[in-house]
Amino acid sequence: MFSGLAGAALLKVLEALFNAFGTGFNDWLSRKRAEQTQRELGAAETTSTINKESSNAERRASEVAVNRPDVGAVIAGMERGDTF
């Protein structure tokens with residue numbers, strides 16, 4: 001079909017096109033991987049924040065349960081006129 005110089009030139013052009021396509025595809029793939037990594041990192045940070053807030057809420061609830069006044073003492077104080 002193509003011979004000699006024309007064939008060699010065509011092969012060089014095709015090689016350059018395929019190399020450009022490969023480089024472009026690799027760049028695109030790298031960007032997509034970076035975007036996915038950012039999404040995963042954001043999800044991990046959100047999960048960490050939620051877990052931390054949940055832990056803090058559980059700790060505060062435990063402190064309230066431990067430190068709450070005795071109901072009988074509160075009623076007796078109210079009957080005496082104590083204010084809280």
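Is Leu11 buried, partly exposed or exposed? Leu11 counts as exposed, at 58% relative accessibility. Here, buried means under 20% relative accessible area, exposed means over 50%, and partly exposed lies in between (1.4 Å probe, protein chains only).

**About the model**

This is a predicted model, in which local features need pLDDT of at least 70, side-chain atom pairs count only at pLDDT 80 or more, and totals for chains, interfaces and linings use all residues. Residues are numbered from 1 along each chain as its sequence is written, and side-chain values use heavy atoms, with hydrogens and water left out.

**Figure 1. The whole chain, with 2 helices and 0 strands.**
Helices (H or I, at least four residues) and strands (E, at least two) are DSSP runs, numbered from the N terminus. Helix H1 covers residues 4-67. Along the principal axes, the C-alpha atoms fill a box of roughly 115 × 15 × 15 Å. The chain has a radius of gyration of 35 Å, while a compact globule of 84 residues would have one near 12 Å. That radius is taken over C-alpha atoms, and the globule rule is 2.2 Å times the number of residues to the power 0.38. Buried residues make up 2% of the 84 residues. The chain exposes about 7,400 Å², and carbon and sulfur atoms supply 62% of that area. Accessible areas come from the Shrake-Rupley method with a 1.4 Å probe; for residues, only the protein chains shown count as cover.

**Figure 2. Distances between pairs of residues, Ala8 with Ala61 and Asn56 with Arg31.**
Ala8 sits in helix H1. Its relative accessibility is 38%, so Ala8 is partly exposed. Ala8 and Ala61 are 53 residues apart along the chain, and 79 Å separates their C-alpha atoms. Asn56 also has its place in helix H1. Asn56 is partly exposed, with a relative accessible area of 24%. From Asn56 to Arg31 the sequence separation is 25 residues, and the C-alpha to C-alpha distance is 37 Å.

**Figure 3. A nonpolar patch on the surface.**
Leu10, Leu11, Val13, Leu14, Leu17 and Phe18 make up this patch. Together they have about 590 Å² of accessible area. Patches are made of residues with over 30% relative accessible area and no salt bridge; like charges are joined within 9 Å, and nonpolar side chains (Val, Leu, Ile, Met, Phe, Trp, Tyr) within 5 Å. Leu11, the residue of the opening question, lies in helix H1.

**Figure 4. An aromatic cluster of Phe21, Phe25 and Trp28.**
Rings of Phe, Tyr and Trp (its six-membered ring) pair if their centres lie within 6.5 Å. Planes under 30 degrees apart count as stacked, over 60 as edge-to-face, and the rest as tilted. The count by this rule is 2 aromatic pairs. Phe21 and Phe25 form a stacked pair, 6.3 Å centre to centre with 15 degrees between the planes. A pair of aromatic rings is described by the distance of the centres and the angle of the planes. Phe21 and Phe25 are 4 residues apart in helix H1, so about one helical turn separates them. Phe21 is exposed, with a relative accessible area of 59%. Phe25 is partly exposed, at 40%.

A salt bridge is a side-chain nitrogen of Lys or Arg within 4 Å of a carboxyl oxygen of Asp or Glu. By this rule there are 3 salt bridges. Glu35 is partly exposed at 32% relative accessibility, and Lys32 is partly exposed at 36%. Glu63 counts as partly exposed at 39% relative accessibility, as does Arg59 at 41%.

**Figure 5. The salt bridge of Arg80 and Asp82.**
How far apart are N and O in the salt bridge of Arg80 and Asp82? The distance is 2.9 Å. Arg80 is exposed, with a relative accessible area of 60%. Asp82 is partly exposed, at 36% relative accessibility.
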